[in-house]
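Me: I am new to this structure and would like to go through it step by step. Could we look at it together?
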Protein chains: 2
Amino acid sequence: MNLGDRKRLILQAIIEDYINTAEPVGSRTISKKYLTNTSPATIRNEMADLEEMGFIEQPHTSAGRVPSDKGYRLYVDKIMEQKKLDNIQAELIKKEFIDTLGEIDRLVKHASKLLSNMTQYTSIIMTPQLKKTCLKHIQLIAINSSTILAVIVTDAGIVKNSVLKGIRDIAPDVLEKLTNALNSKLSGLSMEDMNRLSLEDIFTGEFARSMHVHGEIIEQLIPELMQTLLYSDTKDIYLDGAANMLKFPEYGDINKAREFLNVLDEKELLFNVLNQTNNDVNVSIGAENQFEQFRNCSLITATYKINGKTIGSVGVIGPTRMEYSKVISIVDCMTHNLSEILTKMLKV
Amino acid sequence: MNLGDRKRLILQAIIEDYINTAEPVGSRTISKKYLTNTSPATIRNEMADLEEMGFIEQPHTSAGRVPSDKGYRLYVDKIMEQKKLDNIQAELIKKEFIDTLGEIDRLVKHASKLLSNMTQYTSIIMTPQLKKTCLKHIQLIAINSSTILAVIVTDAGIVKNSVLKGIRDIAPDVLEKLTNALNSKLSGLSMEDMNRLSLEDIFTGEFARSMHVHGEIIEQLIPELMQTLLYSDTKDIYLDGAANMLKFPEYGDINKAREFLNVLDEKELLFNVLNQTNNDVNVSIGAENQFEQFRNCSLITATYKINGKTIGSVGVIGPTRMEYSKVISIVDCMTHNLSEILTKMLKV
DNA sequence: GTTAGCACTCATTAGTATTGAGTGCTAATT
DNA sequence: AATTAGCACTCAATACTAATGAGTGCTAAC
């Protein structure tokens, strides 16, 4: 499907003008601001064609044209030039990150804030997910006679802990033995692997034999520990710049705004949205979106990694009339920096 | 300052009607709906008095009256009857909590959601604060030759951990010795106490002598550990029901709405707002508010405790025209249940 | 002390006319 | 055959006006 140069230029003009103004774009505007050598009449003819092909739409008879989802899609895939972030902006991202170097959580929060500030849209970010990583070390600590603290360190350096209560008295040396045994048995496994592993797998062979004297204790402790391992995965979502959306005339109607904010309140949904991202940078435009709640927004998502292993993702939400090229490059730069710094942070 | 029965009834009528309708209340309305035995003219006279006293205001000449902050204050302090939650609602709070019994964080998040759902305003909640609690146990774990994991358990049962990196090789037995020493030295101290303690205090006396052979290691490790102890306090704020505010005509203007949402984006501010709460239930009305950003809202805050020790607080934000009596009782019930359950959870 | 009556104020609403941006179509031009 | 100028038509947005009515303060009567 080749449009021809002029049609392509006109479509580009319509989209970019609409992105800036949020107003339907008329033939005269295009002739004046973009294709100065072509008369409005000609442009009108081309626009009629573009409309027939489904790339643009008319809100009402005597209005200019507005890009359709299909139009944006073509624009993102074929027309727009990937905007190179100027050095100043790229530097900014890098610098801001280095300043926060410290706790992972703070870094992630900061990334979200930065993302919404730079794009001026709404940003969401998922905290690193345990599930995707491998267990590196597990340690049991007795807090008092009936309480044990389990500390889990993964290869991505993420640390979780959980308190196991109501355990019967365990002698320190048994606890140590158990810790060692668990380590030799579980370390290196990913959380997903463990999910597949049942208790029986853990109790077989050498392990069972070596621990067998403390059968009762283990029977009590292991299930709870497994429970913890499998379900302790936090699904935190940070969100920033919700207020940014209200700047756009798309949400000038307070009801539209409320609807949107209600969607943002459903953290579970946001999590699923982010979780479906596999590619490096993913663009969902309007009706393309898998979740109906976002059918009149666009969503740009990307993943970040530690040591090449995907452990989380970020996203930017905006009106379909979004500055795709700018946002894509920012998201791209952001995830790369995030990955790099996280990897570095945890490598030591 | 005694108003007299009729004036008080009229003020109450104005406030409660305005809470429901968000429209200025006129004399005729009051005569019809509230004081059916008094004529509008009489009520007008009383209203003129009330206005002179500063309890109500007139948006413009030919409009009804609207309560002032001072009016709301009188209402909250003297007039309104503390609404008793019906059993169904109180049960709901209790039940919802018991269902979530599990991780603290999830419980807190849930509380926030519940609060905004029940009140239909915006809720904020602070995660339990380490600072307020005492250190119960600290454990150092070697992850690898240059990385140590410090795990902190407080008397409120909150567990934090932090990774100390770039530490020189430490033998396991030294680490154990150090752990023991730290415990005997620090356990029982509140985080605030520790803040007052300088490194010298820690290094004096018996401790310094006993550890003295490992001077270098300690010099390297202790500062970093202290840093961690003092700054690891997370300041997480959960927020729910932001969209609720857009229901109110007060935020019918999209700019007002945006302004409000921008305030909600400043987590730091919200934290400070919550942190100033000392009383059990605190009500700040409009201009009374310490933070100018909230000068046209009202804020109801309360604290929750573990074992009688205050460790966090929750708040509800709404327009000054807020259903004070309802919200106060819900917040009250909520914090009590939260305290009870948290205490129970960690007692075992 | 309370109420009825009246003149006055002023935000809100509805109705109306005007404007102007934009279109599609046709005929003229290149 | 492609482009452009010209023209009639559509329709949202704007400005203006008049009408409405809720509410007040004041005065005089009860």
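**Rings, strands and the interface**

Reply: Let us begin with the aromatic rings: in this predicted model, the count of aromatic pairs over all chains comes to six.

Me: What is the arrangement of the rings of B:Tyr251 and B:Phe260?

Reply: The pair is tilted, because the planes of B:Tyr251 and B:Phe260 stand at 50°. Their ring centres are 5.2 Å apart.

Me: Are B:Tyr251 and B:Phe260 buried or exposed?

Reply: Both B:Tyr251 and B:Phe260 are buried.

Me: Which charged residue sits over the ring of A:Tyr18?

Reply: That is A:Arg321, whose charged end is 6.0 Å from the centre of the A:Tyr18 ring.

Me: And what lies over the face of A:Phe55?

Reply: A:Lys70 does, at 4.8 Å from the ring centre of A:Phe55.

Me: Now to the strands. How many residues of strand 5 of chain A are buried?

Reply: Strand 5 of chain A covers residues 147-154, and eight of its eight residues are buried.

Me: Which residues are on each side?

Reply: One side holds A:Thr147, A:Leu149, A:Val151 and A:Val153.

Me: How many bridges join strand 4 of chain A to strand 5 of chain A?

Reply: Eight bridges join them, and the two strands run antiparallel; strand 4 of chain A spans residues 135-144. The two strands form a hairpin with two residues between them. Within this pairing, A:Ile141 stands opposite A:Leu149.

Me: What about strand 5 of chain A and strand 6 of chain A, parallel or antiparallel?

Reply: Strand 5 of chain A and strand 6 of chain A (residues 159-164) run antiparallel, joined by six bridges. Here A:Val153 stands opposite A:Val159.

Me: Which residue in that hairpin takes a positive phi?

Reply: A:Gly157 does, with phi near 85°, in the hairpin of strand 5 and strand 6 of chain A, which has four residues between the strands.

Me: Changing topic: how many residues of chain B are in contact with chain A?

Reply: 40 residues of chain B are in contact with 41 residues of chain A.

Me: What area do chain B and chain A bury between them?

Reply: The two chains bury about 3,100 Å² between them, with 57% of it on carbon and sulfur atoms.

Me: How many salt bridges are found across the interface of chain B and chain A?

Reply: Two salt bridges are found across the interface of chain B and chain A. The side chains of B:Asp236 and A:Lys109 meet in a salt bridge, at 2.7 Å from N to O.

Technical notes. Residues are numbered from 1 along each chain as its sequence is written. Chains are lettered from A and ligands numbered from 1 in the order in which they are written. This is a predicted model: local features need pLDDT of at least 70, side-chain atom pairs count only at pLDDT 80 or more; totals for chains, interfaces and linings use all residues. Side-chain values use heavy atoms; hydrogens and water are left out. Rings of Phe, Tyr and Trp (its six-membered ring) pair if their centres lie within 6.5 Å; planes under 30 degrees apart count as stacked, over 60 as edge-to-face and the rest as tilted. Buried means under 20% relative accessible area, exposed over 50%, partly exposed in between (1.4 Å probe, protein chains only). A charge sits over a ring if NZ of Lys or CZ of Arg is within 6 Å of the ring centre and within 35 degrees of the ring normal. Two strands pair if DSSP finds at least two bridges between them. Contact means heavy atoms within 4.5 Å. Buried area is the accessible area (1.4 Å probe) that two parts lose on being put together, summed over both. A salt bridge is a side-chain nitrogen of Lys or Arg within 4 Å of a carboxyl oxygen of Asp or Glu.
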